[in-house]
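Please keep the sequence and the structure in view while reading.

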Number of protein chains: 2
Amino acid sequence: MNAELCWLPFFGEALPQGRDPLAVAREEMALGMASLAGASCRLACVPGGGDGFEIIKDEQGYLVRGGETGVLYGTYRLLTALQAGECPLTAWTDPAFPLRMLNHWDNMDGTVERGYAGQSLFYKNGKFDYDADRIRFYGRMLASVGVNAVSINNVNVHAPADKLVTAELLPEVKKIADLLRPFGVRLIIAVDYALPVTMGLDTADPLDQRVQDFWKKQCDEVYAYVPDLCGFLVKADSEYRPGPYKYGRDHAQGANMLARALKPHGGMLIWRCFVYNCRQDWRDHTTDRPKAAYDNYAHLDGQFDENVILQIKNGPYDFQVREPVSPLFYAMERTEKAIEFQLAQEYTGHQIDLYYMPPIWKDILADLRRMPRHICAVTNLGDDANWTGHPLAQANLYTYGRMAWEGKALDGDKEAERWIALTFGRDFPEKDRLKAMLAASQGIYEKYTSPLGLCWMVKPHLHYGPDPEGYEFSLWGTFHRANHQAVGIDRTDKGTGFADQYPADMAAVYKNTDTCPEKLLLFFHRLRYDFKMRDGRTLLQRIYDDHFEGAEGAEQLLAQWRAMEGLMPRDIYENALNRFEKQALNAREWRDIINTYFYRFTGIPDAHGRKIYD
Amino acid sequence: MNAELCWLPFFGEALPQGRDPLAVAREEMALGMASLAGASCRLACVPGGGDGFEIIKDEQGYLVRGGETGVLYGTYRLLTALQAGECPLTAWTDPAFPLRMLNHWDNMDGTVERGYAGQSLFYKNGKFDYDADRIRFYGRMLASVGVNAVSINNVNVHAPADKLVTAELLPEVKKIADLLRPFGVRLIIAVDYALPVTMGLDTADPLDQRVQDFWKKQCDEVYAYVPDLCGFLVKADSEYRPGPYKYGRDHAQGANMLARALKPHGGMLIWRCFVYNCRQDWRDHTTDRPKAAYDNYAHLDGQFDENVILQIKNGPYDFQVREPVSPLFYAMERTEKAIEFQLAQEYTGHQIDLYYMPPIWKDILADLRRMPRHICAVTNLGDDANWTGHPLAQANLYTYGRMAWEGKALDGDKEAERWIALTFGRDFPEKDRLKAMLAASQGIYEKYTSPLGLCWMVKPHLHYGPDPEGYEFSLWGTFHRANHQAVGIDRTDKGTGFADQYPADMAAVYKNTDTCPEKLLLFFHRLRYDFKMRDGRTLLQRIYDDHFEGAEGAEQLLAQWRAMEGLMPRDIYENALNRFEKQALNAREWRDIINTYFYRFTGIPDAHGRKIYD
């Protein structure tokens, strides 16, 4: 075990070895209480209580009462509260969501798709290859914030990971399941829809009896090894992945077939809705990629089996810095849905740039109106000693778990405060400064990248650093169509009509430039550079200002981090320092390239005389 | 042997097995004459006659008199002339250049850097792995057009190719040398300047005695295996390759050290001048990459040993579609120079798009004034059955060899006519159409790609297809700085001063927009879109026109190729047909993206009402 940073340092080097959550809870309580002189605690398991728990203080000390996994969650809640100096007294608490999921995008060659924290925790060179203690520690981290289901392989299933559901690799999957089960964590396996073909059938058609039999048999085999498997995760007919469309079947037919094979075992079928035309012609102004998920799925409402969950990305594009909520969340009343976030900072700075997510989650959840019943996030984890590359990126994993438990937007500042206290100590001298850095980071990043919901001005494929026209003529349906007068796509009813996928009152707000949130103006509207923002500035000047301010913000983060020198282990400090230096350069590059890009179209200089390169 | 196309089909399947050029000449003459009923020929070797030869006709038939290799060249000249129906009588002929070189950019893993005709002819999976007969056939092709030196590995030397000059791989190098020697072809090895460090020294400093001793010893070893090795080729201090700059030494010091190690063996040291700052800041308007070769080398004139050849790319950038000649050719009077062309169609259509090179070579050589003493080209070859991917791309290898022999620009039409007659037969029914296609192809390609010498509007790294701003903010020093009013870099004395690297009279021509060749206008000048071209059109309209015409030209090439159906083996026809179809799409993409790019800046529509997408 070589993990250098975590929000649970008070456990020290010891790891629980118990075979079930209650046993682990007992061990953790003993380990955790050891550092809290004088405190004592009893555990009481409530059969049938599931994930819920309560913490009671009486004359004998603390009592954690909870269900089979609840007792473990309560233990961590109590210990972290005491360590952070908070009052741990709570009424009986149940998590808002039954499934609180993380998706790994790990490939069996050891790489992690969109991973920015080293290599896979599970695989190397095409095989399972891991440190069992590190997996246990990972289980502890997950349980401490309530995450209870983990998919262990990339949704883009590359061989040999397609064999994870076969006897060839199931013995290895079982070992991971056994390591994580005591922490209340169940596994999900991402499956390849074309597996029947790979395994010798001439079709993967979901209506073909042989295909149905194939998956039934496969599920029997899977559950013989891992009886509590949470289910399968599928990315079908998306970005060149195989799927039911190939056989002229719709996605309800495609998903239900797998769901029925899982059903006898109590498994869920989680079906990603990231389906769109990835061969779009930029000359075509009518096709609009953000409309795709709704267009592909909304009409299928009511046709999915009850153990199917549609997993929908938070926005209609693809984890961009600023998007509206996917309109699919407001549709499909009779369908189980999960909202998918991305902790991996694919478009948000690669865990080089600081980007603390609770503020953006708050915006998203505020717009959602009603939460879907499930929640998921792509992890930001790898085998880096600090788990997440940027030491401060851990805060996103921590707060994601907390949000998934509570089922609502949390106060990012308060969560940051607790995470800092746990990670760097209650008496960390610069805790307020660090909290302020986290709080400011999302806004800073948003300011120096694509303006006002415009999206896709990022370097193609890499997705770090600016390239204003990098996606402008590509096949991905990612256009902004900037010219010498205006920029953006009109997504109102006068344009692509995307806005009308929302409930009427929301659509009305988005479609009107007077009411559309300014941060989303260029997502919904094509605007002239002299468009007047609500504070009187022109759109162009607002873009300039944001970019100057964003780059200045990145410089300030760097300066603020320097104040942390000597307050933590040197390698943690230096690791982050190096990233803040890179972020400042990145922000400068964004500032200058975006400003120059629009300056070259307009010839209009900055109103405040700041340097825009020509 | 599985080569499906060549300009020497009359030899049939047989291959010469002789150990020296005279023996090969005798075999080839017998094989070739067999198909020419009634003709007869004698060979006479003139000791000391080298590459030169003459062909005489007398009452006994033909007599080829020539030097040790000349007799072989004369044999091919006679046979190809007779096959093509030409009169073979020539006075004594010597090649214009002593070294007529080809560079392979083959890696030992089997890939070919910027290769568009399959994998390497020499290597697979990190080892030598080839068909000896195919290497013999390759030798025949080279000798038939007079190429006499071949570098067999990528100038970017990736391990294990760095060991080609060590005992580890020299036995394998010797085998290739032995296969090609009978065809008069000598080997060149591209070496890694840092090899001394790889082999255990702590430095590669050219002034360090241990480094000098290392290379002397290494050369002794090399020449023990390959006594007639032509020499070494070095890309140093370029695009992250190691070189003498690391040790504070200049390139004369760096090159001479290697040259002195080669000298006792009669070897040449070929030193590439492709040195520039590849970490340039786009904000910097003063650094200008085309100036780099001149700035790095011109002042070193007279300091290179006599067995050093500076290998200079034809243009100051990097094999772009249209560049002026590198100004370095007009400098360094006391230095041996080679001009480097690129047959591999890196920027000229990847051997998908038709691009017959003699017309552009003619422009280049016309500007050169005085040819350098050596000539080189990056090959367009791979293990595809037709050698060059596009069957018609073979014509570029053929005409390159012819040009290297003659030492001057050749009539592209006449060369095409002979190549067509040899390849498809003297009576090929569509020979005029095919010749016209070849003749038009360079102009068509130039029209639909970057306009008027602007360069670098190509997709980054891939270098196929349009991306107008793909290199605009990169580190490679490749900018055009288009804005709403103007485009291009001012390279006159009012701008970067690049034009003043030319002799005064040429500089004067380039610096004046009235006299600068229009095809190079945007290489030397920054011009407003309303700049009046000599025929009265605006620059913008000229750009539009060229792109419409270029795309139309590509459509015509496709239509013309369809007329070839049934006139050649089906797979050759279909292979090229598929490429012409792709070219038409590529040209359409270039047309629309380049036109839209400038339309978005200006809002000015096409004067003839043709569709420009917005």
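How many salt bridges does the rule find across the interface of chain A and chain B? In this predicted model, the number of salt bridges between chain A and chain B is 6. An example is the pairing of B:R283 with A:D592, whose side chains meet at 2.6 Å, N to O. Polar contacts across the interface of chain A and chain B amount to 12 residue pairs, with both residues at pLDDT 80 or more. Sorted by class, the side of chain A that touches chain B consists of 11 charged, 8 nonpolar and 6 polar residues.

The extent of the interface may be considered next. Chain A contributes 25 residues to the contact, and chain B likewise contributes 25 residues. Between them, chain A and chain B bury an area of about 2300 Å², and carbon and sulfur atoms give 53% of that area. On the side of chain A, A:R283, A:F473 and A:R600 supply 33% of the area buried against chain B, more than any other three residues.

The backbone of each chain also holds a cis peptide bond. In chain A, the bond from A:A159 to A:P160 is cis, with omega near 5°. A:P160 is placed in the loop that runs between β8 (149-151) and α4 (170-180) of chain A. In chain B, a cis peptide bond joins B:A159 to B:P160, and its omega is about 5°. B:P160 lies in the loop between β8 (149-151) and α4 (170-180) of chain B.

A further backbone feature concerns two histidines of chain A. A:H461 has a phi near 65°, a positive value in a residue other than glycine. This residue, A:H461, belongs to the loop between α12 (431-448) and β15 (486-487) of chain A. The loop between α12 and β15 of chain A also contains A:H463, for which phi is near 70°, again positive in a residue other than glycine.

Are these two histidines buried or exposed? A:H461 has a relative accessible area of 62%, and because exposed residues are those over 50%, A:H461 counts as exposed. A:H463, in contrast, has a relative accessibility of 4%; this value is under 20%, so A:H463 counts as buried.

Notes: Residues numbered from 1 in each chain as written. Chains lettered and ligands numbered in written order. Heavy atoms only, no water. Contact = heavy atoms within 4.5 Å. Buried area = accessible area lost by both parts, 1.4 Å probe. Salt bridge = Lys/Arg side-chain N within 4 Å of Asp/Glu carboxyl O. Polar contact = N/O pair within 3.5 Å; in protein donor to acceptor, adjacent residues only side chain to side chain. Nonpolar A, V, L, I, M, F, W, Y, C, P; charged D, E, K, R; others polar. Helix = DSSP H or I, 4+ residues; strand = E, 2+ residues; numbered from the N terminus. Buried < 20%, exposed > 50% of the residue type's maximum accessible area, 1.4 Å probe, protein only.
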